[in-house]
Structures are given as C-alpha cells and as structure tokens.
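Please read them with the structure open.

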Amino acid sequence: MKEELVILVNEKDEKIGLMPKMEAHEKALLHRAFSVFIFNSKKELLLQQRALSKYHSPGLWTNTCCSHQRDGESNLEAGKRRLFEEMGFTTPLKETTAFIYKAPFDNGLTEHEYDHILIGEYNGTPNINLKEVASWKWMPLEKVRDDIKANPDQYTAWFKIIFDKFYQHISV
C-alpha cells in the first residue's frame, strides 16, 4: 500500500508541497489536517477511542475522527471521507475555525498541523472500523471538559488543545 501524502502548508494555509505522512511527522513540518466533531440531537459529542495499533496516541480518547486532506480534496470532502472510513457513516459537515498546533510524541514523531474544525450532527449508531477505532461513546461537552481535567492522560494532545482554546467553536 502506497504511503499517504500530506499537504505541506505555510502559516496562511497556502499549499507549499506534498510529502509522505511519516516523513512530515518525523521532520515536524506544518501540514494541513482536519478534526471532525459529531453531535447528536441531545447535544452530546461522539468520541472515539483510537485503536491500540495506531502509531501514535493508541488507546486515547479523542474527537469523532481526524486525518489529513488529500491533494485536491476540500476540507469538507476529506472530513466526510474519513468519517465514513473510521466511523462508518456520513452526515453533512460545516467548517467552523482552524488553528495551528504542534505536539511532539514519545515515539519521536511530531504533529505540526494547520487543523480545520468540522462540525456535524448524527443520531444513529456508528459502524466503527476496528483497524482505526477501538471504541466510541456519546458524552455531553461539559462532562468531556471535566473528564479531560480529571484524566488528561486519557485524551489526545490535539483534542485537549481544541477544548482549551476553541471550546466555543465546537458546540452546535
């Protein structure tokens, strides 16, 4: 299987090149990404627990799904594609905000991303891809915020950053 390429960007989110995903993470280069947040009609957030086989942050809880846009793919197209690949459903998404973050990991890799926040609503049951997702649950935002404070080591770095800095952009 060919390694996925990420879109390298500058601090204005302008494309400056393509690079294999692992190489970009090894070199800590800024690249485009997205994070999807799905809510149900009760205003609960759909969380996923990352599969234990993931190369970073295995077993940690995070937003509904996240990944990298492919060359020529819009943020919304990428979000819908990955939502289906990881969680087994599609729903309309909307863009809310974007931010740059940098998070080094114990394995020598670094996420340095221009992350686009996408929001959607869904009231069904996910059909998770077990290669990507170990488990899932619905939680009210306030309980997620409280649990992150009580158990920060159980959540991904980017999810904690989003909650800390962009809480107002992830409510429906």
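1. Terms first. A residue is called buried under 20% relative accessible area, exposed over 50%, and partly exposed in between (1.4 Å probe, protein chains only). Helices (H or I, at least four residues) and strands (E, at least two) are DSSP runs, numbered from the N terminus.

2. Basis. This is a predicted model, in which local features need pLDDT of at least 70 and side-chain atom pairs count only at pLDDT 80 or more, while totals for chains, interfaces and linings use all residues. Residues are numbered from 1 along each chain as its sequence is written, and side-chain values use heavy atoms, with hydrogens and water left out.

3. Overall fold. The protein chain has 4 helices and 9 strands, arranged along the sequence as β-β-α-β-β-β-β-α-β-β-β-α-α. Its radius of gyration is 15 Å, close to the 16 Å that the globule rule gives for 172 residues, so the chain is as compact as a globular protein of that length. The radius is taken over C-alpha atoms, and the rule is 2.2 Å times the number of residues to the power 0.38.

4. Packing. Of the 172 residues in the protein chain, 51% are buried. Taking contact as heavy atoms within 4.5 Å, 60% of the contacts between residues at least 6 apart in sequence join residues at least 24 apart.

5. Helix α3. This helix spans residues 141-150, and its buried residues include Leu141, Val144, Asp147 and Ile148. These four lie on the same side of α3, because they cover an arc of only 125° around the axis; the arc is that of the directions from the helix axis to the C-beta atoms. An α-helix has 3.6 residues a turn, so residues three or four places apart point the same way. Lys143, Lys149 and Ala150 are exposed on the face of α3 turned away from the buried side.

6. His116. This residue sits in strand β8 (residues 110-121) and is buried, at 7% relative accessible area. Leaving aside neighbours within four places in sequence, His116 is in contact with several residues, among them Asp13, Arg32, Glu95 and Asn75. The side chains of His116 and Asn75 are joined by a polar contact of 3.2 Å (a pair of N or O atoms within 3.5 Å; within protein, one must be able to donate a hydrogen and the other to accept it, and residues adjacent in sequence count only if both atoms are side-chain atoms).

7. Lys137. Strand β9 (residues 133-140) holds Lys137, which is partly exposed at 28% relative accessible area. Not counting residues up to four places away in sequence, Lys137 touches Leu45, Leu46, Leu47 and Trp61.
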